[in-house]
Amino acid sequence: MSSTLLEVTRGAHEDVERLERLVVREMQREPENGRDRLFQSHRVRHMIDLMTATTDKLVEIYEDKDNARKDEIAALGGQGEFPFKKGMHGEDKVLTAFFERLKEIREYHKKNPSARVVDTDDAFEELLKEEPAIEFSGEEAFGRYLDMHELYNEFINSKFGTPMEYSSYVGTFSETDKIPPNLKSKQYKEYMEHVLEYLFSFLERTQPLQDLVRIFAKIESDFEENWDKGAVPGWENKGIENGPSVPESVIDLDYYSTVEELLEVGPEKLKEALAARGLKSGGTAQQRAERLFLLKHTPLEKLDKKHFAKGGRNFDQNGTEQNSNKKEIALMEVKLRRLCELLKEVIIQTKENAEKKPTLTYEEMEAEREEEVVQADSESDEEEKTYNPLNLPMGWDGKPIPYWLYKLHGLGQKFDCEICGNYSYWGRRAFERHFKESRHQHGMRCLGIPNTKYFNEITSIQEARDLWEKIQEKQGINKWRPDLEEEYEDREGNIYNKKTFTDLQRQGLI
């Protein structure tokens, strides 16, 4: 075998630890600009995905469904299928199994010399240097704005949509409660699927560290509870147990006693009332009135199915409305509102940009696009543009400090402190001040030495330990003093040190 199952397990644990260290290093680095921050997030997301895949493999190994791990451990303990000699037992079997495995490994590496190369952190370091491939449209401006033009065209050309400007659509597309319930059909459901798909994709590209799967799982669990209570916003009291709902604008049949009275309402009103209840709305005005008048004495759930429109409301044998389609649409609307909360700032910026664009000329739009590119690259090129041939420290204004100030404070002198973990301090002032700072104090605590004035100017661990031993000897610490520390007990059970016991004994008091 080229690699045992236990070796694969060890290697997987090592890979997870390396990835954890890389994630910490990457998150401790301050991004130079917005583009770099986005790349950083995607690199961290990629490393987290690798960790997840590796840990899934480890879980599968530890579950040991095929008993391969159990057999390998047994083989290491001398219980395998090696050709043991008769009478061999105990340590002899263990040693035989060990040398058989060693022989197998040597033969494998002799045939495959390249397998001797041991993976190091260098292979994983490349993860910190790679630039993720993230695709954005020109309208999205590398994640600054939403590009909803296709969704906008789908909305205004649908039965449930209304003509409006693109900027108005961006500001109101999440207000689904303004769309009448009778217009939320299959076409509306497909439109909602397209909107959620785009927003989900945009969030994955711009906020890769957001755990959208967990967010949506929480949304769905809360939705199920609120749906049963009839407390979903925009769908109150429209659950299964509450039966079908009818808009307030529908004709109230209690005010009409004959079909002729119902005819006076008009064919359009009759058509609207029938459509709201999911009934067929075709035919003459007389047929519409007769069909609607059936509901005066017959509940909707007990009406013959031939009166319902294709794709309209359906009921089961118990008279309960099959509103799974309605429930799916309500869940989509809840998800849409949550995604809009996460993208609130982007939506506002997109609306402002859409309102500003029609007022710009072509030359102004080109100038603004060039300005955005320059602004994105200026932050990354700022350090290269700064003229600093002497590598002077940077001041509070982001520029090199004057050379005379550099010489005055002795910032060219370098002081290393082994107690601080070989940390370097530039300048005498910073070096003297560091003895009272937390890093040096922590190093002294790790050595078990009090950080007193006696240890100022001492940066070597060995020198600090030698000085502490001399101080202890001088102060008598850890020195055995039998006359004071050796204890004696008299016949009555009283305890004395050696000096006191001897004095009392000489006086005949004991």
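This is a predicted model: local features need pLDDT of at least 70, side-chain atom pairs count only at pLDDT 80 or more; totals for chains, interfaces and linings use all residues.
Some ground rules before we start. Residues are numbered from 1 along each chain as its sequence is written, and side-chain values use heavy atoms, with hydrogens and water left out. Local features need pLDDT of at least 70 and side-chain atom pairs count only at pLDDT 80 or more, while totals for chains, interfaces and linings use all residues.

Overall make-up. The chain has 21 helices and four strands. Those are DSSP runs, numbered from the N terminus: helices are H or I with at least four residues, strands are E with at least two. Of the 510 residues, 31% are buried. Buried means under 20% relative accessible area, exposed over 50%, and partly exposed in between, with a 1.4 Å probe and protein chains only. Now take contacts, meaning heavy atoms within 4.5 Å. Among those between residues at least 6 apart in sequence, 52% join residues at least 24 apart.

On to the cores. A nonpolar core is a set of buried Ala, Val, Leu, Ile, Met, Phe, Trp, Tyr and Cys residues joined through side-chain atoms within 4.5 Å. The largest one holds 41 residues, and Y169, F173, Y191 and L199 touch the most other members. Which elements give two or more residues to this core? They are α6 (149-156), α7 (166-172), α8 (186-206), α9 (212-229), α13 (324-342) and α14 (344-356). Look at F173. Leaving out residues up to four places away in sequence, F173 touches M148, Y191, V195, L199, L336, C340 and I347. There is also a second, separate core of 14 residues, including A273, L279, L295 and F308.

Next, aromatics. The whole structure has 19 aromatic pairs. Rings of Phe, Tyr and Trp (its six-membered ring) pair if their centres lie within 6.5 Å; planes under 30 degrees apart count as stacked, over 60 as edge-to-face and the rest as tilted. Take Y152 and Y169. Their ring centres are 5.6 Å apart and their planes sit at 55°, so this pair is tilted. Y152 is in helix α6 and Y169 in helix α7, 17 residues apart. Buried or exposed, these two, Y152 and Y169? Both are buried.

Now the loop between α8 and α9. Q210 is found there. Q210 is partly exposed, at a relative accessible area of 29%. Its C-alpha atom is separated by 9.9 Å from that of S41, 169 residues apart along the chain. Q210 touches R45, I215 and L342, again not counting residues up to four places away in sequence.

Helix α2 covers residues 34-63. At 1.5 Å a residue, its 30 residues should span 44 Å, and the end C-alpha atoms are 43 Å apart, which agrees. The expected span is 1.5 Å times one less than the number of residues. Just after α2, D64 takes a positive phi of about 50°.

Last stop, residues 415-446. UniProt, in an unreviewed entry, places the feature "domain: Matrin-type" there. Such annotations may be inferred rather than shown by experiment. This stretch is 47% helix and 22% strand, with its end C-alpha atoms 21 Å apart. Strand β1 (residues 414-417) has F415 and C417 on its covered face, K414 and D416 on the uncovered one. β1 pairs with strand β2 (residues 423-426) in the antiparallel sense, over four bridges. Pairing needs at least two DSSP bridges. K414 stands opposite W426 in β2. Five residues lie between the strands of this hairpin, and G421 takes a positive phi near 85°.
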